[in-house]
Amino acid sequence: MAALFNKFKCALKKGKDQDGFTLVEVIVALFIISIITGVVIHSTTMALNTSQINQAKTVALNIVNEEIEKIRAMDYQDIGLTGSDPEGILEAQVNTEDGYRVNYNIGWADDAQNYKQISVSAYKQPMVEEVKVITLVFPAVVSTGDEQLNQHPAPYGLYIDRGYDDETVILQWNAPDTDSVVTGYNIYRDYELIGTSLNTGYIDNPETGIIYIYFVTAVYEDGVESGPSEIQST
């Protein structure tokens, strides 16, 4: 644009010694300048809008993740919507002080009602669409007795990772903190026994595109199977 203004200025100066610009030339030059100015203003406005949208989405994602963590820390029986199934203490929608609309959707993740699926979303203008996170929560495992729990503790620190090709699920865990002899481990997927391991690792190859839950138990020398480790999902 600066080059065009300089050219226009030089032409005006030259016009003093000659015949100068005609009215048509002046109108054409002003028209071109107005187009370029409009393009610059539009680009600047679009950049500002994009920045505002991205900032709003970042805040919305933080809100959603914080709400997910709060729900995970709740008592399992309280996780649900008021007047819904599963029944709980959460409202379907709340508004934050910053003007974000937060929606909750909680339902059973399986027909047997073994665990719950949680969906939390957040939205605020000028966002184009809401930010949503979906996760699973599981009931705490109840011990069959303090004596057995102490004598046959469960594995702990279960960690799950998807393989690079998303076709494998890699499980790793820590051996129970005990002096008793552990002869092996049982691996459960969706509450069904799928395999055993002699060490603290296992590789599963389930169908892709499906969310699974896993836990591991320890089998002791006296034949007793421990309670489950933490329950984790893919």
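Visitor: In which helix does Ile32 lie?

Guide: Ile32 is part of helix α2, residues 23-72. Helices (H or I, at least four residues) and strands (E, at least two) are DSSP runs, numbered from the N terminus. This is a predicted model, in which local features need pLDDT of at least 70 and side-chain atom pairs count only at pLDDT 80 or more, while totals for chains, interfaces and linings use all residues. Residues are numbered from 1 along each chain as its sequence is written, and side-chain values use heavy atoms, with hydrogens and water left out.

Visitor: What does Ile32 count as, by relative accessibility?

Guide: Buried means under 20% relative accessible area, exposed over 50%, and partly exposed in between (1.4 Å probe, protein chains only). Ile32 has 37% relative accessibility, so this residue counts as partly exposed.

Visitor: Is Thr168 buried or exposed?

Guide: Thr168 is buried, because its relative accessible area is 17%. Thr168 sits in the loop between β5 (156-162) and β6 (169-174).

Visitor: Which residues is Thr168 in contact with, leaving aside neighbours within four places in sequence?

Guide: Contact means heavy atoms within 4.5 Å. On that basis, Thr168 is in contact with Asp161, Arg162, Gly163, Ile203, Asp204 and Asn205, leaving aside its neighbours within four places in sequence.

Visitor: How many helices and strands does the protein have?

Guide: The protein has three helices and eleven strands. From the N terminus, the order is α-α-β-β-β-β-α-β-β-β-β-β-β-β. Of its 234 residues, 30% count as buried. Among contacts with a separation of 6 or more, 50% are between residues 24 or more positions apart.
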